[in-house]
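Subject: Structure handover

Hello,

Here is the structure for you to look at. My notes on it follow below.

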Amino acid sequence: MNLGSEKQLVCELIKKVKSSNDEESQRAFEALLDRYEPLIKASVSRISEDDLARPFFDDLRQEATLVFFNAILTYDTEQTEVEFGLYAKICISNALISQLRSLKKRAAEPLPDKESDDLFVHGSEDPSENILEQERLKVLYSVIRKNLSAFEYRVWQYYISGRTAREIGILVGKDEKSIANAIYRIRKKLRLALQ
């Protein structure tokens, strides 16, 4: 297959992906994903060489796939200056570099101060105090679990682990605004349940 017909085939697949959400669109996306798999894998592997990013390989891989899909949707098949492969590579690289910066920023943030840590008793010399604290935590988690839907509970777990609405959205396959709304609902529900 010569270069011109390869480019034409890629453009046809892109147009099919953009055309609708039917089965043909899905097959076209899968064909593009198969064709550009080495590019995605290489981009994620390059970022994962950083010690901080290595544990997040699967998350970065998912991010790269989402960015690849977005690159398909935003690529202009009518222009002739930039081929899709280069466009996708730039989009993926920029997104992964941004994720790495976010990871580094979060890793550099100081741990919570003593005041916020006083909510829980840690390492008390009195064993009965530790047992009471564990029981209180069980009750708290039970109340939380009972008042949140499965989706909200998953979002809440990511949220309390320090992830942003954008990061959570990527992990659960929703947009950032939906996650921000979910976090608002979760806070409201928990405020009412814990009063």
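Of the contacts (heavy atoms within 4.5 Å) in the chain with a separation of 6 or more, 58% are between residues 24 or more positions apart. This is a predicted model, in which local features need pLDDT of at least 70 and side-chain atom pairs count only at pLDDT 80 or more, while totals for chains, interfaces and linings use all residues. Residues are numbered from 1 along each chain as its sequence is written, and side-chain values use heavy atoms, with hydrogens and water left out.

The chain has ten helices and zero strands (DSSP runs, H or I of at least four residues for helices and E of at least two for strands, numbered from the N terminus). Of its 195 residues, 29% are buried (under 20% relative accessible area, 1.4 Å probe, protein chains only).

The largest nonpolar core has 26 residues; such a core is a set of buried Ala, Val, Leu, Ile, Met, Phe, Trp, Tyr and Cys residues joined through side-chain atoms within 4.5 Å. Helices H1 (3-19), H2 (23-35), H3 (37-47), H4 and H5 (84-108) each supply at least two of its residues. Ile-72 is among those with the most contacts inside this core, and the residues that Ile-72 touches include Ile-14, Phe-29, Leu-32 and Phe-84, leaving aside residues up to four places away in sequence. Another core, of twelve residues, lies apart from it and includes Ile-144, Tyr-153, Ala-165 and Leu-190.

In H4 (residues 57-74), Asp-59, Gln-62, Glu-63 and Leu-66 meet Arg-166, Ile-170 and Leu-171 in H9 (residues 165-172).

Regards

Technical notes: Buried means under 20% relative accessible area, exposed over 50%, partly exposed in between (1.4 Å probe, protein chains only). Axes are lines fitted to C-alpha atoms, for helices over the stretch in contact, and angles run from 0 to 180 degrees between N-to-C directions.
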